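Here is a short briefing on the structure below.

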Amino acid sequence: MDWTQEALEELEKVPKFVRGMAKKAVEKAAREKENTSVTREIVLEVKEKYFSMIGKENDERKTTKVAVVRCHTVAEVCPGVGCLKAFTHRKLNFQNYGPDTELIGFFTCGGCSGRRVSRLVEKLLDHGLDVVHLSSCMCMDEDDYPKCPFKTQIKKAIEGKGVKVLEGTHH
Ligand code: SF4
């Protein structure tokens, strides 16, 4: 679909990590209006409706809200210090976040096959959740941390709710 220059400039104001999602939502709105091109007005309408967190001015930046889901089995022996320290000090898989990023959830999957993940992600959406990190223990494949056989399924379930998923925390 064609975009006007003004519409593209408006899209550029959307943070990169949700820009792809925003673009799809805008084009869907344009099709629903039977428009053959995307105008600035349509972008603003969608931003108002779905992406109010983005802000209307360049300097109005939304705080990114992050959650970590971790392996229920590993949590029996791990209090989560590595994940939490990495977030607090913005290290490793959290290094791209700014100081105002909030950790709003830190929960275990509920056991194989990740039975509580969808439910808790839905709860966190009410609090503005943007990104879920799969803990490093879910993503590694070593003797102490055997690979999670349900990782892909859990990831898809979260992404299906419109939430970005990143793999890893402190490794
Ligand atoms: S589903 Fe994966 S992350 Fe959850 S307990 Fe089982 S192995 Fe661990």
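**Fold and overall build**

Along the sequence, the protein runs β-α-α-β-α-β-α-β-α-β-α-α-β. That comes to seven helices and six strands. The model is predicted.

- The C-alpha trace spans about 55 × 30 × 25 Å along its principal axes.
- Of the 171 residues in the protein, 29% are buried.
- Among contacts with a separation of 6 or more, 73% join residues 24 or more positions apart.

**Domains**

- The domain assignment gives two entries: domain 1 covers 2–54 and domain 2 covers 65–167.
- The centres of domain 1 and domain 2, taken over C-alpha atoms, are 29 Å apart.

**Packing of H2 and H3**

- Helix H2 (residues 16–32) packs with helix H3 (residues 40–50) at an angle of about 115°.
- The axes of H2 and H3 lie 9 Å apart.
- Their crossing is right-handed.
- H2 contributes Ala-25, Val-26, Ala-29 and Ala-30 to the contact.
- H3 contributes Ile-42, Val-43, Glu-45, Val-46 and Tyr-50.
- By class, the residues of this contact are eight nonpolar, no polar and one charged.

**Ligand shell**

- The residues around the ligand include Cys-71, His-72 and Thr-73.
- Cys-109, Gly-111, Cys-112, Ser-113 and Gly-114 are also among them.
- The shell has six nonpolar and five polar residues, and no charged ones.

Terms used. Residues numbered from 1 in each chain as written. Predicted model: local features only at pLDDT ≥ 70, side-chain atom pairs only at ≥ 80, totals over all residues. Near = placed C-beta within 6 Å. Nonpolar A, V, L, I, M, F, W, Y, C, P; charged D, E, K, R; others polar. Domains from an automatic or database assignment. Helix = DSSP H or I, 4+ residues; strand = E, 2+ residues; numbered from the N terminus. Buried ≥ 20, exposed ≤ 12 C-beta atoms within 10 Å, placed from the backbone. Contact = placed C-beta atoms within 7 Å. Axes fitted to C-alpha atoms, helices over the stretch in contact; angles between N-to-C directions. Left-handed = near helix turned anticlockwise from the far one by under 90°.
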